[in-house]
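Good morning, and thank you for coming. Please look at the sequence and the model as I go through them.

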Amino acid sequence: MKISVIGLGYLGAVHAASMAQLGHSVVGVDIDPRKVAALAAGRSPFYEPGLDELLAEVGATGRLTVSTDPAAVAGAQVHFVCVGTPQADDSNAADLTYVDAAVRGLLPRLAPGDLVVGKSTVPVGTAERLAGMVAAAQPEAALAWNPEFLREGFAVKDTLHPDRIVYGVPDGAAGERAVAQLDEVYAAPLAEHTPRIVADYPTAELVKVAANSFLATKISFINAMAELCEVAGADVTLLADAIGYDARIGRRFLNAGLGFGGGCLPKDIRAFMARAGELGADPAVAFLAEVDDINNRRRARMVELATEVLGGSVAGKRIAVLGASFKPDSDDVRDSPALEVAARLGAAGATVTVTDPRAIENARARHPELHYEPDLDVTVTCADAVLVLTEWREFRELDPERVGRLVAGRVVLDGRNALDRTAWQAAGWTYRALGRR
Ligand code: UDX
């Protein structure tokens with residue numbers, strides 16, 4: 001099939017390359033010439049494990065082309081909208097500027113039989129509105145909503161081997177045709193053995209925000225338990241292991257620590273609350289405000305803990321921060337708990353040096369006031385405290401004895417409960433973590 005993908009960010013670039021890998025002829029369009037130039041040269045515009053390899057594979061086939069020209073979509077039968085829906089500047093609501101612009105850009109180029117497929121995370125009701133725009137421009141074209149559940153760091157795997165596929169389609173013949181077209185796009189091997197749910201627009205839109213709200217709630221639940229563990233002298237990691245053995249609960253997404261960040265969970269739960277408010281259903285998701293608060297309290301607690309172990313003030317202290325990205329295996333620093341903690345410590349007068357395997361450039365753009373150091377040994381040299389705030393493998397596997405010889409004080413704060421506490425303590429470190437004695 002001939003497919004277009006509008007928006008070549010974390011979602012669109014991976015989707016475009018994956019669709020080409022499935023055998024489709026794909027044109028990717030983005031207004032950002034930097035992204036387009038990188039992809040045209042066969043390189044990923046951001047760090048995502050496996051994407052460079054995938055781009056090399058599909059590059060050799062010639063099935064993926066990219067452009068900054070919106071007219072490049074002409075001739076494609078299925079158009080995926082993969083642009084961002086960030087939090088609005090002045091409220092918790094989602095900013096739909098990019099989605100609207102992407103669809104408006106498609107309208108004059110739609111041919112009879114074309115299908116516009118939304119993948120972006122949007123407030124419920126958006127698909128219906130966009131479907132109206134499509135119908136007005138080309139009555140024989142249709143719109144479907146096909147939410148994406150990929151995780152950064154696992155984006156290629158999640159796209160090519162999804163847990164489930166969800167289609168939101170209109171009623172009647174148009175809906176049936178949309179389902180057939182999407183089935184053709186997601187032909188085997190992708191869709192083989194993958195559960196597929198066909199629903200109406202609002203259900204498909206809600207699936208995405210409901211899933212992210214549940215995940216955020218699960219993380220905040222365990223972090224709320226961490227708060228209790230701290231005052232009761234208990235250990236949240238053992239608690240998570242123990243409740244996680246109950247198959248109804250499950251151990252995944254029960255890692256207590258600095259909490260969730262990134263470009264999805266925080267803004268999605270806020271946009272969900274804003275949309276529920278518009279629909280007069282605020283009480284239904286009022287608990288998400290608490291989920292958000294618990295999450296933010298963890299960042300404050302980390303700063304408090306650092307202040308405490310450094311004798312009541314961080315002013316003038318040298319702090320080594322390990323991790324800037326919002327999670328390992330990503331260069332994304334959007335709403336990164338690690339970077340926020342580093343910035344708060346810097347604002348409180350500490351000399352903060354941040355290291356990260358991939359995210360230094362993005363972090364520097366957001367917080368130019370902090371020091372950045374690509375070399376881990378240099379980062380920790382003469383530090384009064386080492387804070388591990390993103391659990392990259394290279395940090396988890398640090399040798400406490402070796403690092404101990406470089407620092408000024410053997411004080412480590414494990415913001416992700418990711419270190420081997422026994423080994424660090426055996427090497428003479430003062431070890432502190434969130435939710436543990
Ligand atoms: C999330 C959803 O998982 C994905 O399905 C959706 O499509 C987009 O949003 P992502 O933001 O890439 O994906 O990362 P995810 O792995 O969900 O982690 C989100 C945040 O939660 C990270 O900051 C991570 O460190 C934190 N987290 C995760 C925890 O604090 N504890 C956990 O147990 C799991």
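I begin with P139, which sits in the loop that links α5 to β6 (142-145). The model is a predicted one.

Let me turn to the division of the chain. The protein chain falls into domain 1 (2-198) and domain 2 (200-437). Their C-alpha centres are 31 Å apart. How many residues of domain 1 are in contact with domain 2? There are 25 of them, and they meet 27 residues of domain 2. On the side of domain 1 that touches domain 2, α5 (126-137) and β7 each contribute at least two residues. Sorted by class, that side of domain 1 consists of 15 nonpolar, 8 polar and 2 charged residues.

Strand β7 covers residues 165-168, and both of its faces are covered. I165 and Y167 are buried on one side, while V166 and G168 are buried on the other. As a general point, side chains in a regular strand alternate between the two faces of the sheet. The partner of β7 is strand β8 (residues 196-199); the two pair in the parallel sense, over 4 bridges. In this pairing, G168 stands opposite A199 of β8.

Finally, I come to the ligand. Which residues are the closest to the ligand? They are E152, N255, F260, G262 and C264, within a shell of 19 residues that surround the ligand. Both domains take part: domain 1 (2-198) and domain 2 (200-437) each provide at least three residues of the shell. The largest share, 3 residues, comes from helix α8 (residues 201-232). By class, the shell around the ligand contains 10 nonpolar, 6 polar and 3 charged residues.

To close, I return to two points. Thank you for your attention.

Notes:
Residues are numbered from 1 along each chain as its sequence is written. This is a predicted model: local features need pLDDT of at least 70, side-chain atom pairs count only at pLDDT 80 or more; totals for chains, interfaces and linings use all residues. A residue is near a molecule or strand if its C-beta atom, placed from the backbone, lies within 6 Å of it. Ala, Val, Leu, Ile, Met, Phe, Trp, Tyr, Cys and Pro count as nonpolar, Asp, Glu, Lys and Arg as charged, and the others, Gly among them, as polar. Domain bounds come from an automatic or database domain assignment. A residue is buried if 20 or more other C-beta atoms lie within 10 Å of its own, exposed if 12 or fewer, and partly exposed in between; C-beta atoms are placed from the backbone. Two strands pair if DSSP finds at least two bridges between them. Two residues are in contact if their C-beta atoms, placed from the backbone, lie within 7 Å.
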